[in-house]
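I opened a new page for this structure. The entries below are in the order in which I looked things up.

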Amino acid sequence: MAQLTPLALFKYLSDETRLNIILLLREMGEVCVCNLCSLLNQSQPKISRHLGMLRESGLLLGRKQGKWVHYRLSPQIPAWAAQVIEQAWLSEQEAIQNLTRVQRVESSTGCGAPVC
């Protein structure tokens, strides 16, 4: 893994799916792939491809549990990059929290993401 540069960070965050993954992980902490698929209404292969890119960049860490992998932001993210992510999250906080709120309601009624 090469050292993260501002150009690389902005390239990773320039994709809507990757940006949303980062913001959701900032909001929720550790999240399973199946929940990310449900939250973003995207297929598992697409989400996994983006997660792989983010993991290779050093932005994410994965933890395998059973057949699913749970992801979180890496604590080794450079401070400047963490500040960029924090500011992006602050600007989208309401939308991200609404998205996670809808997911919690759907999951509690049994029509959301599969149980991991």
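Entry one, a salt bridge. I began with Arg 26 and found it partly exposed, with a relative accessible area of 27%. The model is a predicted one, so I keep to what was computed from it. Which residue forms a salt bridge with Arg 26? I find Glu 86, with the closest N and O atoms 2.7 Å apart. Arg 26 belongs to helix 2 (residues 16-28) and Glu 86 to helix 5 (residues 79-108), so the pair ties together parts that are 60 residues apart in sequence. I checked the cover on Glu 86 as well: its relative accessibility is 28%, which counts as partly exposed.

Entry two, the rest of the salt bridges. I searched the whole structure and the count came to two. Besides the pair above, I noted Glu 30 with Arg 63, where the closest N and O atoms are 2.4 Å apart. Glu 30 sits in the loop between helix 2 and strand 1 (31-32), and Arg 63 in strand 2 (residues 60-65), so this pair ties together parts that are 33 residues apart in sequence. I looked up the accessibility of both partners. Glu 30 has a relative accessible area of 34% and is partly exposed. Arg 63 is partly exposed too, at 36%.

I picked Val 69, which has its place in strand 3 (residues 68-73). Leaving aside neighbours within four places in sequence, I listed its contacts as Val 31, Cys 32, Val 33, Gly 62, Arg 63 and Lys 64. Arg 63 in that list is the salt-bridge partner of Glu 30. I also took the C-alpha distance from Val 69 to Ser 48: 9.6 Å in space, for 21 residues in sequence.

I found that the axes of helix 2 and helix 3 (residues 33-40) come within 11 Å and cross at roughly 115°. The crossing is right-handed. On the helix 2 side I wrote down Thr 17, Asn 20, Ile 21, Leu 24 and Met 28 as making the contact, and on the helix 3 side Leu 36, Leu 39 and Leu 40.

Is helix 3 largely enclosed or open? Six of its eight residues are buried, so helix 3 is largely enclosed by the rest of the structure. I list the buried ones as Val 33, Cys 34, Leu 36, Cys 37, Leu 39 and Leu 40.

I counted five helices and three strands in the protein chain. Read from the N terminus, the order is α-α-β-α-α-β-β-α. Of the 116 residues, 34% are buried. The chain exposes about 6800 Å², with carbon and sulfur atoms supplying 53% of it. I also looked at contacts between residues at least 6 apart in sequence: 62% of them join residues at least 24 apart.

I read a mean pLDDT of 89 for the protein chain, with 85% of its residues reaching 70 or more. Where does pLDDT stay under 50? I found this over residues 108-115, for which the model has twelve contacts beyond four places in sequence. Where pLDDT is low, predicted coordinates should not be read in detail.

Note on methods:
Residues numbered from 1 in each chain as written. Predicted model: local features only at pLDDT ≥ 70, side-chain atom pairs only at ≥ 80, totals over all residues. Heavy atoms only, no water. Helix = DSSP H or I, 4+ residues; strand = E, 2+ residues; numbered from the N terminus. Buried < 20%, exposed > 50% of the residue type's maximum accessible area, 1.4 Å probe, protein only. Contact = heavy atoms within 4.5 Å. Areas by Shrake-Rupley, 256 points an atom, 1.4 Å probe, with all protein chains shown as cover. pLDDT = per-residue confidence, 0-100. Salt bridge = Lys/Arg side-chain N within 4 Å of Asp/Glu carboxyl O. Axes fitted to C-alpha atoms, helices over the stretch in contact; angles between N-to-C directions. Left-handed = near helix turned anticlockwise from the far one by under 90°.
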